[in-house]
Amino acid sequence: MIGKLTGRLDGVHEGGCVLDVNGVGYLLACSRKTLDALSAREGVQKVLVETHLRQDAITLYGFADAAEREAFLALIEVKTVGPQKALLVLSGLRPEELARAIAAKERKRLAEVKGLGAATANRIIDEPAMQKWAVGRATPEADGSGAAGIAAPAPAVDDATADAVSALVNLGWKRPEALAAVTRARTRLGEGALLEGLIRDSLKELAR
């Protein structure tokens with residue numbers, strides 16, 4: 001189970017990249033926007049990771065920031081939207097753009113994402129959990145033409161909290177209950193709590 005990698009970009013290919021971590025090359029599947037962000041940076045960089053296990057494969061999904069990882073985790077909870085389609089969405093829209101499209105029910109804008117299609121776009125927009133996710137994450141357009149009444153962006157989740165939630169999701173817990181448990185653990189343990197402590201405290205609560 002891997003939640004984060006720190007290393008140097010070794011190569012970029014269609015749909016992913018190789019990150020060199022102390023001489024070991026990790027193959028990461030990434031959105032186009034994450035690949036662009038990583039390619040624009042120099043030196044050692046941090047990549048957030050979601051580890052997905054299947055009977056025939058272990059796939060690492062890499063993200064340039066926590067906002068994109070949260071959007072990815074929300075998208076893959078939608079029926080028929082797996083990791084690859086989620087990356088298609090995030091290759092076409094930044095998380096805040098996706099949130100705006102969902103909150104304003106801009107079906108055409110989402111359907112125009114390359115490779116997605118109208119049926120999947122409608123399913124994403126009509127999913128109650130995605131509507132809930134979009135609240136507080138949608139921001140107005142830069143020119144002020146964004147949907148009226150959409151809330152300001154929610155506070156960013158810090159790395160330790162995001163990594164703890166990711167770990168619990170990989171252990172089989174649903175993301176909403178994992179996030180709630182980790183948030184309460186953070187409150188109990190304080191802002192200086194380490195990742196291991198957050199996971200341990202959250203597991204104790206979830207096991208009750």
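These are a few friendly notes on the predicted model above, in numbered points.

1. **Ground rules.** Because this is a predicted model, local features need pLDDT of at least 70 and side-chain atom pairs count only at pLDDT 80 or more, while totals for chains, interfaces and linings use all residues. Residues are numbered from 1 along each chain as its sequence is written, and side-chain values use heavy atoms, with hydrogens and water left out.

2. **Aromatic pairs.** The model has 2 aromatic pairs. Rings of Phe, Tyr and Trp (its six-membered ring) pair if their centres lie within 6.5 Å; planes under 30 degrees apart are called stacked, over 60 edge-to-face, and the rest tilted. Y61 and F72 have ring centres 5.2 Å apart and planes at 35°, so this pair is tilted. Y61 sits in strand β5 (residues 58-63) and F72 in helix α2 (residues 66-75), so the pair ties together parts that are 11 residues apart in sequence. Helices (H or I, at least four residues) and strands (E, at least two) are DSSP runs, numbered from the N terminus.

3. F72 is buried, at a relative accessible area of 0%. The rings of F63 and F72 have centres 4.9 Å apart and planes at 55°, so that pair is tilted. F63 is buried at 0%, and Y61 is buried at 4%. Here buried means under 20% relative accessible area, exposed over 50%, and partly exposed in between (1.4 Å probe, protein chains only). Through these ring pairs, Y61, F63 and F72 are linked into a cluster.

4. **The cavity.** What does the inside hold? There is 1 cavity of 30 Å³ or more, and the largest cavity has a volume of about 40 Å³. On a 1 Å grid over the protein atoms alone, a cavity is a set of points where a 1.4 Å probe fits but cannot get out; a pocket is an open set with protein on both sides within 12 Å along at least five of seven lines, and lining residues have an atom within 4 Å of a point. Grid points are joined across faces, edges and corners, and a volume is the space filled by probe spheres set on the points. The lining of the largest cavity consists of A66, R69, E70, L73, A162, V165 and R175. Helices α2 and α8 each supply at least two of its residues, with α2 giving the most, 4 residues.

5. **The second largest pocket.** Its volume is about 320 Å³. Of its 13 lining residues, E14, R32, L87, L88 and S91 are the closest to the centre of the pocket. The elements giving two or more residues to this lining are α1 (32-40) and α3, and α3 gives the most, with 5 residues.

6. **Two backbone angles worth a look.** Which residues other than glycine have a positive phi? T80 has phi near 75° and K105 has phi near 55°. T80 lies in the loop between α2 and α3 (83-92), and T80 is partly exposed at 47% relative accessible area. K105 is in the loop between α4 (95-103) and α5 (107-111), and K105 is partly exposed at 41%.

7. Finally, L171 is found in the loop between α8 (159-170) and α9 (175-189).
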